[in-house]
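Dear colleague,

Please find below the sequence and structure that I am handing over to you. My notes on helix packing and aromatic pairs follow.

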Amino acid sequence: MKRLIGKVCVFVTGLTVFMGAFPVSGLYADAASASELSISQNGIDFICEKEGFSATCYYDSSQSSIGYGTRCGDYAHSSGQHSITEEEASAEMEKAINNYCIPNVRRQTDGIDMNQNQFDALVSFTYNTGGGTSMIKNSPLVKYLQGTMTEDEARSAYANYIVTSGGRVLTGLINRRKSEADLFFSDTDSVSDDSSADSSYESTDTEKISLGKYKVATKDDPLSMRKAPTTSSDILAYIPKGTTLEVYEISEGWANVSWNGSEGYCSMAYLKSADENITSQYVVATKNDPLSMRQAPDTSSSILTCIPRGTTVEVSEINNGWAKVSWNGSEGYCSMAYLKSADEETVSEYIIATKDDPLNMRKSPDTSSSILTRIPKGTTVEVSEINNGWANVSWNGFKGYCSMTYLEKAE
């Protein structure tokens, strides 16, 4: 369950969750036993974002997976053999969370109190790893809850806890552990019984005058929208990098913003005026096929062009899961489900996925170019750049180009 494309999940119908997109004030501050808790919508969105959605199956180092990282069939098989809709994938994820993730967390943390964020982080860890016989109980996060580790000690140890697959340490798993720790340790300070600190910021105005549009300009991570202009206030939502927001007021480094039906506060350190025409680079992260650029942000809109997997594109705006993209002289819209920030990594590991024969490494990105070496099927190689369907590859002292048609992401 290590597929990472960076998608925000839709609400999973039928799954027992705390209602609402994100927690209300005080929910995360109140400790309860795991038996009293269930996953929140924030926890579901978190897992969906980390897993990413794949409409077709793929081999995941130890199993064939599909959708939001759930098992596809009883035996490992070829990638792309089966397909699934997002609705079906959500149902499969729901079963996995209810059938083994939540019961496993409850069983291994029996008698330990925690808050909602902490429970959600442990469910995410279990969804990713299975939880093992005592994997949750022995995790640094649970040791923190037991009082045998400080936060710094737990964060440090957790960054390297269960981060291997197929005998190799994976950067994607290290990043996931860091994100889970951030979720686990976010907003754990107790909220005073006097809620006037937060409520004083709730507007009673029926209309607000906009100061203008701003874009989220974080480096990689989404931006937290908080209930009040303070870092200790509850997080209402996580806003993706590049998203355009309506800003109503700016005071002492905080902006009163509106986004996706919610209103709250974001730090001005990570907001830039939309008039500055900020663009970010993203990479097409489809499994195999090219990505459709559409005329409008809708799957029923006409396709303007298809962008090859691995291509770097310019993104000027992100709204409701769609990115406004410029590439090769065209401008249109692509689904954020298949785009990842170009800043995420400079070198990636890929596996040679030819049917039988070795893969040719060529001197230049052209089938007529001379062959430098042949790389055996199943070999892991380092890819530093992808353009127009060709990967710049390093292997066994050689550096050249291989067709992306026969490469699969190792993570």
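The axes of helix H1 (residues 41-51) and helix H6 (residues 171-184) come within 11 Å and cross at roughly 165°. Axes here are lines fitted to C-alpha atoms, for helices over the stretch in contact, with angles from 0 to 180 degrees between N-to-C directions. Helices (H or I, at least four residues) are DSSP runs, numbered from the N terminus. H1 is therefore roughly antiparallel to H6, a term used for angles over 145 degrees. The crossing of H1 and H6 is right-handed, that is, the near helix is turned clockwise from the far one by less than a right angle. On the H1 side, the contact (heavy atoms within 4.5 Å) is made by Asn42, Phe46, Ile47, Lys50 and Glu51, and on the H6 side by Arg176, Ser179, Glu180 and Leu183.

Please note that this is a predicted model, in which local features need pLDDT of at least 70 and side-chain atom pairs count only at pLDDT 80 or more, while totals for chains, interfaces and linings use all residues. Residues are numbered from 1 along each chain as its sequence is written, and side-chain values use heavy atoms, with hydrogens and water left out.

H6 also packs against H3, at an angle of about 160° and with the axes 7 Å apart. H3 is thus roughly antiparallel to H6. Among the residues that make this contact are Ala121, Ser124 and Phe125 of H3, and Leu173, Leu183 and Phe184 of H6.

Turning to the aromatic residues, the count comes to seven aromatic pairs, where rings of Phe, Tyr and Trp (its six-membered ring) pair if their centres lie within 6.5 Å. Phenylalanine 125 and tyrosine 158 have ring centres 5.9 Å apart and planes at 55°, so this pair is tilted, the class between stacked (under 30 degrees) and edge-to-face (over 60). Because phenylalanine 125 lies in helix H3 (residues 116-129) and tyrosine 158 in helix H5 (residues 151-158), the pair ties together parts that are 33 residues apart in sequence. Both phenylalanine 125 and tyrosine 158 are buried, meaning under 20% relative accessible area (1.4 Å probe, protein chains only). Ring pairs also link Phe125, Tyr158 and Tyr161 into a cluster.

A further pair is formed by phenylalanine 184 and phenylalanine 185, with centres 4.8 Å apart and planes at 75°, so it is edge-to-face. Phenylalanine 184 is buried, with a relative accessible area of 0%, and phenylalanine 185 is buried at 8%.

Yours sincerely

How values were computed:
Helices (H or I, at least four residues) and strands (E, at least two) are DSSP runs, numbered from the N terminus. Angles under 35 degrees count as roughly parallel, over 145 as roughly antiparallel, 65 to 115 as roughly perpendicular and the rest as oblique. Buried means under 20% relative accessible area, exposed over 50%, partly exposed in between (1.4 Å probe, protein chains only).
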